[in-house]
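Please study the sequence and the structure shown below. Then work through the exercises and compare each step with its solution.

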Amino acid sequence: MYAHKEYNQEDLQTYQKHKLNALVLLSLENPAELCRFLGISMFQLNLLINLPVYEHYTIKKKRGGERHIFAPEPQLKQVQKRLNYFLQAYYLWIKPPEVHGFVIKPHYLDSYCNIAANADVHTNKKHVLNIDLKDFFPSISAKRIKTLFSSDYFNYSEEMTLALTFLTTYQAQLPTGSPTSPVLSNFVCLEFDAQLRIFCQENGLQFTRYADDLTFSSDTLISQDIIQHIKQLIKENGFEINERKLRIQSSSRKQTVTGLTVNEKVNVDRKLLKKIRAMLHDLSVNGIDTATQRHFNQIIITTKRQEHFIHRLLGYINFVGQVRGKDDAVYLKFRQGYNAVLNKHTDMS
């Protein structure tokens, strides 16, 4: 757990709230208490457990292939959202410092969990190793979730363990699309993260994990023996490496971690900066219709598509501000350009 420090009144209330939420979750002893906690009847709980309904669809991956999404129906989703809220509060207190993905942002604990913080650990390193875990959520079986809920981390009864396992898994695995899958994957990886941390400490490596992205860095050569040992730890913990995404990057070339460059400092890739400039220029010179058409490579453009373009552009700009800082000159220039174009568009409409 995090050490106590001096908090202001608002931070202290947040600190205590997370602690209380974790204790509330751990105090549940049986399905009846679980029902009261979730705000549903025993009949509804049995329906959600025995007849769960998920919408299945696929989305294309950037580098080819498809990702299978299983989205829970509204009531089950609401139940999972409530569970996630309390699971996140508990995970916060036992979270390893190396983990940066799928974590609530405990700013008041002087800790930031995002891709920038994840990448910052690996700046100015001579060698960076990136490893991606294949089919991360689906590779975590319902059996592992059941083992988790009955372990010392939760110490739930058999009835509670089964109920929570059925509420959070589908087709005997963690479903991609469920609100609880991210935080449960972090719980499952607790021992795995500890093994990697110890191994890295013994071998002079820095290590972070952002969901299924593992990053290792060092000022000395990362040998094949070290890589093979890491691969063995991954295999022993029930995961599989995506060999196509395994990369060793030296400081003589561009080094990236979770999409950010880390050679000298954490920075946004130049390709994204170039894309933002192009989108702003197109929007300013040619208008929303043409800019949207070119961006999505579509002739017929709807109002919804235009809104999608504007929201994406703003998202890119805000991302630059998150990584480089809100006082960064590049971010401020993008923001000013965006506001100017938006005001111009508003005046003309």
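**Exercise 1.** Determine which side chain forms a polar contact with the side chain of Q80, and describe the surroundings of Q80.

*Solution.* A polar contact is a pair of N or O atoms within 3.5 Å; within protein, one must be able to donate a hydrogen and the other to accept it, and residues adjacent in sequence count only if both atoms are side-chain atoms. The side chains of Q80 and S178 are joined by such a contact of 2.9 Å. The model is predicted: local features need pLDDT of at least 70, side-chain atom pairs count only at pLDDT 80 or more, and totals for chains, interfaces and linings use all residues. Residues are numbered from 1 along each chain as its sequence is written, and side-chain values use heavy atoms, with hydrogens and water left out.

Beyond neighbours within four places in sequence, the contacts of Q80 (heavy atoms within 4.5 Å) include Y54, L167 and P179.

**Exercise 2.** Explain why helix 8 is described as largely enclosed by the rest of the structure.

*Solution.* Count the buried residues: 8 of the 8 residues of helix 8 (residues 181-188) are buried, so helix 8 is largely enclosed. Then identify the packing partners of these residues: helix 4, helix 6, helix 7, helix 9 and strand 4.

Conventions: Buried means under 20% relative accessible area, exposed over 50%, partly exposed in between (1.4 Å probe, protein chains only). Helices (H or I, at least four residues) and strands (E, at least two) are DSSP runs, numbered from the N terminus.
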